[in-house]
Amino acid sequence: MIKAIKFVNIPVSDQDKALEFYTKKLGFKVVTDQHFDGKQRWIEIGIPGAATGISLFTPDVHRDRIGSFSGISFYSDDVEQTYKELTARGVEFVMPPKKESWGTSSIFKDPDGNQFVLGTK
């Protein structure tokens with residue numbers, strides 16, 4: 001039976017630019033970076049301590065997905081503090097932290113405009 005999510009995909013237009021953003025600004029680590037098809041590399045990154053990976057790879061048929069709302073939600077123990085730290089690193093937020101009865105969340109985007117939720121667990 002299914003055990004977990006191995007990785008999710010984030011469509012990107014420039015793998016080098018995306019890799020720099022996710023590693024330098026968000027603090028993710030490179031799991032795999034290898035040649036794939038002559039045009040792109042298979043790049044898989046991970047959040048330190050997390051099991052699910054993230055691929056930064058875009059098949060030609062998925063190029064229209066670049067820059068959309070991803071449906072991916074990240075969590076942090078302290079969304080407001082993470083917001084401050086990531087903003088200081090140059091990460092652009094489209095929604096600052098907002099407290100609700102169920103928790104706190106915000107929305108940020110990567111250099112391609114892909115949007116992600118950052119919320120409490």
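The model is predicted; local features need pLDDT of at least 70, side-chain atom pairs count only at pLDDT 80 or more, and totals for chains, interfaces and linings use all residues. Residues are numbered from 1 along each chain as its sequence is written, and side-chain values use heavy atoms, with hydrogens and water left out.

**Exercise 1. Describe the largest pocket: what is its volume, and which residues lie nearest its centre?**

Step 1. On a 1 Å grid over the protein atoms alone, a pocket is an open set of points where a 1.4 Å probe fits, with protein on both sides within 12 Å along at least five of seven lines. Lining residues have an atom within 4 Å of a point.

Step 2. Take the volume. The largest pocket has about 650 Å³, counted as the space filled by probe spheres set on grid points joined across faces, edges and corners.

Step 3. Look at the lining. It has 22 residues, and F28, I47, A50, F74 and Y75 lie nearest the centre. Strand 5 (69-75) and helix 2 (79-88) are the elements that give two or more residues. Strand 5 gives the largest share, 5 residues. Helices (H or I, at least four residues) and strands (E, at least two) are DSSP runs, numbered from the N terminus.

Step 4. The lining divides into 14 nonpolar, 6 polar and 2 charged residues. Here Ala, Val, Leu, Ile, Met, Phe, Trp, Tyr, Cys and Pro count as nonpolar, Asp, Glu, Lys and Arg as charged, and the others, Gly among them, as polar.

**Exercise 2. Find how strand 8 pairs with strand 5: parallel or antiparallel?**

Step 1. Two strands pair if DSSP finds at least two bridges between them.

Step 2. Strand 5 and strand 8 (residues 115-119) run parallel over 4 bridges. F74 has L118 as its bridge partner in strand 8.

Step 3. Now turn to strand 7. Strands 7 and 8 pair in the antiparallel sense over 5 bridges, with S105 partnered by G119. Their hairpin has 5 residues between the strands, and G113 takes a positive phi near 95 degrees there.
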